[in-house]
Amino acid sequence: MSDMALLLWARGPGLQIALTVFIIGMLLKLFEIFSLGRKKDLSTPRPGKAWSGWKTIFSRSLPDRTLLKRTFPTYLMGYTFHIGFFIALLFFAPHIELFRKTVGLGWPALPTTLVDGVTLLSIVALLLMLGYRLYHPVKRFLSTFDDYASWALTMAPLLSGYLAVHHLLLPYTLMLAIHILSVELLLVFMPFTKLFHTVSLFISRWYNGDALGHKGARL
Amino acid sequence: MSASLERGLNAFREVMDAPIASFFNSCVHCGLCADACLFHTETGDPKYTPIHKLEPLRKLWKREYTVLGKLASLVGLGETVSDVELEEWSPLVYDSCTLCGRCTLVCPVGNDITYMIRKMREGMAAAGHAPAGLVEASRRTIELGSPMGIKLKAFMAQVHGQEEETGIEIPVDKAGTDYLVIMSSMEILGYPEYLGSLARIFRQAGISWTVSSEAFEATNSGIQIGVSDIARQIVSRVVDAAEQLGVKYVISPECGHAFSALRWEGPNLIGRPYKFEVVHVLELLDQLRKDGRLKTEGKTDKALTLHDPCQIVRRGGIVAEPRNLVNMVASDFREMEDPGMYNWCCGGGGGVSAITGAEELRFKVFRIKKRQIEGTGAGTMVTACANCRNVLEEGLEHYKMDTRMIGITELVAEHLKQEDAS
Ligand code: SF4
Ligand code: SF4
């Protein structure tokens, strides 16, 4: 298969397949969770905390003050990677162009050099996260195959995207095809690995905040 | 598969709900919860990572509640939970978790780990892997009606003792009063002056109250061990007594776990809301203060610090109240590092203080409390939980610290305005 044919396949049928698996998988996982239900809490809630679940969805994105001093590296790497990843995903001009074409929604892009730098930072953070996972006793202890696979699945699009933009390592067309394929792989596995936290964390935070709010605990 | 293991796994299945499924799905193995748990921070041992304490429950979830897990088990793959594993996990689920709730506050994806550990205990107990100390407490609850084996006679002796001490009559089984006072086992056994202090405060504030000869104790070992039947029995006793006496409010003892059991778990255990309200004694005292019905005089100039019981602050929302009360009677109140919401556990909550085999570990993790106390330079520590207090006193003793302890209700009572109190 020529580079171009691969690219065309990735853009066409490949994307279709990936999106189908992704959507079905996500729905399945959500059904898995919600079908279990939650018993109604019969105790009288403390007043004025009905929004605690929603609030926690946002507030839990902030670092915990008391933990920050204990485990700064985890926070630093975590934020750098996540913010970088989302900037690269959402504010890189060609990506926005793609969104405009497919879902009809667009927004202003950030300057390419900025996105470029941020992507590099994100890659470095992700590399450090892997190193830290291997080095840190608790993280190493907790880690399973899923953690390393998810790491690779996340690193692939970032790295291939960066290399493609800079015409490094492989011919541009091939690298772009690889980039798109790696995104598709990420989509396919997202519902079935810990990458599913991208969705489920909102549900978890809501349940957590709602339970704490019920008791009037500050969040 | 043994019958007891099957019972345990069934209990796991029973507690499985959408929040737990969501929590297991969300964990990214970042390890942050470990840094929030005193059992990890003080030992450095990764096995005390909160989320790891749930491994058997997670395995069951994976196998039976996820599509991939179900597929894997069909072809004979995937992990199963064994009896040996549950036994191995007992020290993690009981000895090294006080249900303090710190992990729940910090998990970035929002996992309520404490909730899951509490639920997991149901399966552990059903499988026969609850620690002996808690099993004993539950046995005493069934046979004698009290986790510490306190009989009515012993309670009444304390009531009479406090009547003599204060010269105030303590009403017993008086119907139609506003408030019913319940104590924790530890208060009845070790700190009866709590009752005398309340009597003095209530006389000044003009509160109509009573104690009950049917339900005088709220410590709920059923919840700590994870056996709902026993938990329900203990709660029902309080509910029946309160509804028979027709009181408007039940005053929960200072003890945080007793409060949680009565306030939050109780209605769910008996399957309906109460006909009365449960108030924590600190909420009531602070309300009396606001209403001007609690009048004190003078302030101690001794340096005081405050230990926040986990179940009262983190899982009960009572943070400002004890501070208002302490500031009312003390001029040199010093906060610990990480106060209030983030305070560190005494190390003995959630039933841990009843587990004899866990004592060494408990003293080890007390070091964080020791550092907190020493950091304030205060010679006296106030707390609002007799169980915390007992555990703290043992810790202070173990480390030969000369910090004095006092219950917050007693502290306030000591400063009651004389003409009203004498
Ligand atoms: S803090 Fe939350 S996401 Fe991180 S390891 Fe613990 S449970 Fe998992
Ligand atoms: S509830 Fe407290 S003691 Fe239990 S695992 Fe969480 S932080 Fe540790």
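At 10% relative accessibility, Arg389(B) counts as buried, where buried means under 20% relative accessible area, exposed over 50% and partly exposed in between, with a 1.4 Å probe and protein chains only. This is a predicted model, in which local features need pLDDT of at least 70 and side-chain atom pairs count only at pLDDT 80 or more, while totals for chains, interfaces and linings use all residues. Residues are numbered from 1 along each chain as its sequence is written, chains are lettered from A in the order in which they are written, and side-chain values use heavy atoms, with hydrogens and water left out.

**Salt bridges within chain B**

- Over all chains, a search of the whole structure finds 34 salt bridges, a salt bridge being a side-chain nitrogen of Lys or Arg within 4 Å of a carboxyl oxygen of Asp or Glu.
- Arg389(B) forms a salt bridge with Glu410(B), with the closest N and O atoms 3.0 Å apart; the pair links distant parts of the chain, since Arg389(B) lies in helix α21 (residues 386-398) of chain B and Glu410(B) in helix α22 (residues 408-414) of chain B, 21 residues apart.
- Helices are DSSP runs (H or I, at least four residues), numbered from the N terminus.
- Glu410(B) is buried, at a relative accessible area of 9%.
- In another salt bridge, Lys59(B) and Glu85(B) have their closest N and O atoms 2.7 Å apart; Lys59(B) is buried at 13% relative accessible area, and Glu85(B) is buried at 8%.
- Arg140(B) and Glu136(B) meet in a salt bridge of 3.7 Å, N to O, and both lie in helix α10 (residues 132-144) of chain B, four residues apart, about one turn of the helix.
- Arg140(B) is partly exposed at 25% relative accessible area, and Glu136(B) is partly exposed at 32%.

**Where chains A and B meet**

- In chain A, 52 residues are in contact with 61 residues of chain B, contact meaning heavy atoms within 4.5 Å.
- Chain A and chain B bury about 4,600 Å² between them, 58% of it on carbon and sulfur atoms; buried area is the accessible area (1.4 Å probe) that two parts lose on being put together, summed over both.
- Between chain A and chain B the count is three salt bridges, and Glu283(B) forms a salt bridge with Arg46(A), the closest N and O atoms being 2.6 Å apart.
- A network of salt bridges links Lys69(A), Glu337(B) and Asp338(B).

Methods: Helices (H or I, at least four residues) and strands (E, at least two) are DSSP runs, numbered from the N terminus.
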